[in-house]
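Biologist: I would like to learn how to read a protein model piece by piece. Could you take me through some features slowly, with the general idea and then the case here?

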There are 2 protein chains.
Amino acid sequence: MRFANRLKAATARNNSLLCVGLDPDIRRFPKHLGSDPSAIVAFNRQIIDATIDLACCYKPNLGFYMAYGAAGLEALAETCTIIDHQVPVLLDAKVGDINTTSEAYARGYFEELDVDAVTAHPYMGLDGIEPFLKYEDRAVFILVKTSNPGSKDVQDLELAGAEARPLYEHVAAQVHEWNARYGNCGLVVGATWPGELAAIRQICPDLPILIPGVGTQGGDLEAAVQAGVDTQGAGILVNSSRGIIYAGNGEDFARAARRAAMALRDRMNAVRTNA
Amino acid sequence: MRFANRLKAATARNNSLLCVGLDPDIRRFPKHLGSDPSAIVAFNRQIIDATIDLACCYKPNLGFYMAYGAAGLEALAETCTIIDHQVPVLLDAKVGDINTTSEAYARGYFEELDVDAVTAHPYMGLDGIEPFLKYEDRAVFILVKTSNPGSKDVQDLELAGAEARPLYEHVAAQVHEWNARYGNCGLVVGATWPGELAAIRQICPDLPILIPGVGTQGGDLEAAVQAGVDTQGAGILVNSSRGIIYAGNGEDFARAARRAAMALRDRMNAVRTNA
């Protein structure tokens, strides 16, 4: 089954546009879990158990595992095993390299780790992303307009000529073309930019959009959902990491995470219903 | 000691602008090493022993380790231990994320793995690169014009306004500014674009430039050295991976690698002498 269909199935089953970010930082864990990298699996397992009927996707960010070296990567592999394809896993690895290297990464992420999708930088162009796109049942979410303030440094630059549009709109149009060829592209657009998100949705009416940046980063949830949904009121994965996984820090942290996830999911669904 | 000084010391000691790419692909290893991920360390150890007096830097590309999951990352850590800071290690990880995530990656790469430098994507802007730049004794090599054909897709786009230059030149100018603030930036420019490399050297007269793309990728070694060197005839790290590490595939593969490394080093030095 194609990634888009697995995502649609999870969205329908859990009535959810919520992507839960699994970004473990042991320093922020509840004390009773200890401070060893093995705590990551125990932490993630409880978060997953508490949210798997509320999420349409999980998004582990590779950086929070690489921080602990090989032990962290082991914990990531075990986390994927726990999720066991009940909902899709989007590995936020922000890949982007030359072709032969991307082939190696793709073997690691799509075969060894067996995740459903990855995020990718567009700066090196299509040939470095193709080795991932060739896995027909997986997906690649390409960075278009990211949630951070520094996204203006490069992404907002105005292009010359007939284009006369900012770089991120051009990238969105490129991804639209790449998707026409491969059929398994998605986009990444920060919730912090609802105006830009609406423009990008115009350029790519049918592509799934990963929307990080609500919560700690300050994005407006309702505005992002309104600007991002496709004509069916779906097609977005709104990610929250810290706002969910660190909602509590006592022994009942997983219950707190569940409450936070449910509240976010329901707020998003209210926007969809009112639309 | 700053990275730039460690690099200069290695360049002077080994009379070398050669960066050896450690990109293990077990399928291409000499048969006698076996086909287990543990073969990576045995392979790298022999390549390192055979080239450590000829290289100014080693560049492991993370993708070729991630292909083997946690076992691959263990092999990378052990490879760094073998090199033991005798010459700098530039981890080709092509990082680029939001600030808090980059802090996590930086702990993993600069503290756990303890490499001397990383490569980075510019697409997300300065704030995602700063957590790496804050390690004063490490360096960040930012992608400007990459060696692959697809680099034209985004990097060559012409900017509007007073700029009227391609994106990659703008990025080079940005890196020049970032370096004025932090002092530990470098650039990545493919050997496949000697004209662009010369223009970028004009924009950043003093920054170290990593130059991949000679050998298999077809870059012209002499043209790249000529276009890339700074006014002191140095300041470049010309990378070769497959051309060196797979120069032979028998039991004497390390000797073949040494011969290939020496030939490349000497060809580069001949260009410097004639300049």
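Biologist: Does B:His85 count as buried or exposed, and how many C-beta neighbours does it have inside 10 Å?

Modeller: Keep in mind that this is a predicted model. A residue is called exposed if 12 or fewer other C-beta atoms lie within 10 Å of its own, and B:His85 counts as exposed because it has 12 such neighbours. This residue lies in the loop between α4 (69-83) and β3 of chain B, and its phi is near 65°, a positive value in a residue other than glycine.

Biologist: How does B:Asn15 count, and where is it found?

Modeller: B:Asn15 has 15 C-beta neighbours inside 10 Å and therefore counts as partly exposed. It is found in the loop between α1 (3-13) and β1 (18-22) of chain B, and phi of B:Asn15, near 45°, is again a positive value in a residue other than glycine.

Biologist: In what order do the strands of the sheet in chain B come?

Modeller: Strands of a sheet pair through backbone hydrogen bonds, either parallel or antiparallel. In chain B, 8 strands form an open sheet with parallel pairing, and the order is β2-β1-β8-β7-β6-β5-β4-β3. At the edges are β2 (57-60) and β3 (90-95) of chain B, each of which pairs on one side only. Neighbouring strands of this sheet are turned against each other by 30° on average, direction ignored.

Biologist: Which residue stands opposite B:Val95, and which helix packs on the sheet touching β5 and β6 of chain B?

Modeller: B:Val95 stands opposite B:Ala120 in β4(B), and β3(B) pairs with β4 (residues 117-120) of chain B in the parallel sense over 3 bridges. The helix is α9 (residues 194-203) of chain B, which touches β5 (139-145) and β6 (185-189), and its direction makes about 160° with that of β6(B).

Biologist: Turning to chain A, which residues of α12(A) are buried?

Modeller: An α-helix has 3.6 residues a turn, so residues three or four places apart point the same way. Helix α12 (residues 253-274) of chain A has 22 residues and reaches 32 Å from its first C-alpha to its last. Its buried residues include A:Ala257, A:Ala261, A:Leu264 and A:Met268, and among the elements that cover the buried residues are β1 (18-22) and α10 (221-228) of chain A.

Biologist: Why is chain A called as compact as a globular protein of its length?

Modeller: Chain A has 12 helices and 8 strands. Its radius of gyration is 18 Å, close to the 19 Å that the globule rule gives for 275 residues, so chain A is as compact as a globular protein of that length. Buried residues make up 59% of the 275 residues in chain A.

Notes. Residues are numbered from 1 along each chain as its sequence is written. Chains are lettered from A and ligands numbered from 1 in the order in which they are written. This is a predicted model: local features need pLDDT of at least 70, side-chain atom pairs count only at pLDDT 80 or more; totals for chains, interfaces and linings use all residues. Two strands pair if DSSP finds at least two bridges between them. Helices (H or I, at least four residues) and strands (E, at least two) are DSSP runs, numbered from the N terminus. Axes are lines fitted to C-alpha atoms, for helices over the stretch in contact, and angles run from 0 to 180 degrees between N-to-C directions. Two residues are in contact if their C-beta atoms, placed from the backbone, lie within 7 Å. The radius of gyration is taken over C-alpha atoms; the globule rule is 2.2 Å times the number of residues to the power 0.38. A residue is buried if 20 or more other C-beta atoms lie within 10 Å of its own, exposed if 12 or fewer, and partly exposed in between; C-beta atoms are placed from the backbone. The expected span of a helix is 1.5 Å times one less than its number of residues.
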